[in-house]
Amino acid sequence: MSPTVVCSAPGRVNLLGEHTDYNGGFALPIALEQRTRVGLTPDDSTTIVIEADDHGTATVSTSPRPGDVTGWSAYVAGVVWALRENGIAVPGGHMTISSEVPVGAGLSSSAALECAAIGAFTAATETTLDKLAWARAAQRAENDYVGAPTGLLDQLASLHGLADHALLIDFESLDVEPVPFELDSAGIALVVLDSLSSHGHAGGEYAQRRASCERAAAALEVASLRAVTDVVSLSAITDPTDRRRARHVVTENQRVLDACTALRDRDYVRVGAKMTESHASMRDDFEITTSGIDLIVDSALRAGALGARMTGGGFGGCVIALVESTRATAMVDAVTEEVEAAGFPRPRAFVARAGAGAMVHPAP
Ligand code: GAF
């Protein structure tokens, strides 16, 4: 029997730059320390039998077609399909999946699975993909197989992750630049507050936001909203909703760049301010937050956070709050009390640190 190959890939939180990726803009994610691990023992069959710790078992073909598979195993089938489209035929075999990345929380559990599965398949077939081709294959699985019209943010964050660094991603050049992000020594914590209201991108809202941005770019006669840097020129967009969507993207790009400068200056008060401004923009202009998420943000700020915002695609998921480490526990307690009193689920909280990107592990 062929040896087992193992690849792991992390989830992410996005510090700033939401819905900017498919607009050719900027984002600033960190890869999380929490990872998804995929083991693959290849054989000569034409099926992959998958055992996933959190989901049970499933079997997918080594030559799946879009529409064949739905549910969680569609991410594996999508990867198999995308690799075949790239000229990489994967073997059958036995696959194990275990994950520390919460599912449906907006922390990119799907990108972590896609990236880890691709790493395992390429290791098993002794093929190599550079990180951009790897990310694109994962995105293709998600866009064209699973049917979620997402950008490249999650996959690039999962592949380029670096301990103690955030990643400034330019979605025009696709350059990824590490930015120092070591908060412990500065007495600062990045707290993730999972609202436990799950989100999904295959639903219509994400696609509607994307279409709105495309209409706005067309109205301005630019290839993407990245080309726009001043909000005054947005007045040429006649549809008021599309204009507000575009205003979010244009101002969010600038907030990412401002936050990078502030991070390099170790100015966490300013980083926090940019996060809170980003949340207001997602709430008022992009309209992707929920009342439960807004309450967590407001409550965290009332409890002394330097800044707080929803992270990820929206309509649920997680809030991130930047807070002095000594105040973190009291902040979580205050948020929990306020959120529960309002009838929302008790958020699940943890401190996030920037971790390493996807890697193939030595044979067990
Ligand atoms: C989701 C998508 F998958 C990303 O591509 C990105 O658009 C994000 O939402 C919003 O910034 O995570």
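Predicted model: local features only at pLDDT ≥ 70, side-chain atom pairs only at ≥ 80, totals over all residues.

How many Å separate the centres of domain 1 and domain 2, taken over C-alpha atoms? And please carry on from there to what sits around that meeting place.

A: Taken over C-alpha atoms, the centres of domain 1 and domain 2 are 24 Å apart. The contact between them draws on 31 residues from domain 1 and 37 residues from domain 2. On the domain 1 side, the elements that put in two or more residues are β1 (5-16), β2 and β6. Of these, β2 brings the largest share, with five residues. Sorted by class, that side of domain 1 has 17 nonpolar, 11 polar and three charged residues. As for the bounds, the domain assignment gives domain 1 as 5-178 + 355-361, and domain 2 as 182-352.

Now for the ligand. Both domain 1 and domain 2 give residues to the shell around the ligand, so the ligand lies between them. That shell counts 12 residues, and the ones that come nearest are Glu18, Thr150, Gly151, Leu153 and Gly313. By class, the shell holds two nonpolar, seven polar and three charged residues.

Strand β6 covers residues 165-170, and five of its six residues are buried, so β6 is largely enclosed by the rest of the structure. Strand β2 (residues 26-43) pairs with β6 in the antiparallel sense over two bridges. Phe26, for instance, has Asp170 in β6 as its bridge partner. β6 also runs antiparallel to strand β7 (residues 175-180), and here six bridges do the joining. One of the pairs to look for is Ala166 with Val179 in β7. β6 and β7 make a hairpin with four residues between them, and in the turn you'll find Leu174 with a positive phi of about 65 degrees.

Over to the sheet with β8 to β11. It is an open sheet of four strands in the order β9-β10-β8-β11, with antiparallel pairing. At the edges sit β9 (307-311) and β11 (348-352), each pairing on one side only. From one strand to the next, the twist averages 25 degrees. β9 pairs with strand β10 (residues 318-324) over five bridges, again in the antiparallel sense. Within that pairing, Met310 stands opposite Val319 in β10. Two helices pack on this sheet. Helix α7 (residues 268-284) touches β8 (188-194), β9 and β10, and its direction makes about 45 degrees with that of β9. Helix α8 (residues 291-302) also touches β8, β9 and β10, but its direction makes about 160 degrees with that of β9.

Thr289 has 23 other C-beta atoms within 10 Å; 20 or more makes a residue buried, so Thr289 counts as buried. Leaving aside neighbours within four places in sequence, Thr289 is in contact with Met282, Arg283, Asp294, Met310 and Gly314. Among these contacts is Met310, the residue that stands opposite Val319 in β10. Ser224, on the other hand, is 65 residues from Thr289 in sequence and 24 Å from it in space, C-alpha to C-alpha.

Key. Residues numbered from 1 in each chain as written. Buried ≥ 20, exposed ≤ 12 C-beta atoms within 10 Å, placed from the backbone. Pairing = 2+ DSSP bridges. Near = placed C-beta within 6 Å. Nonpolar A, V, L, I, M, F, W, Y, C, P; charged D, E, K, R; others polar. Domains from an automatic or database assignment. Axes fitted to C-alpha atoms, helices over the stretch in contact; angles between N-to-C directions. Contact = placed C-beta atoms within 7 Å.
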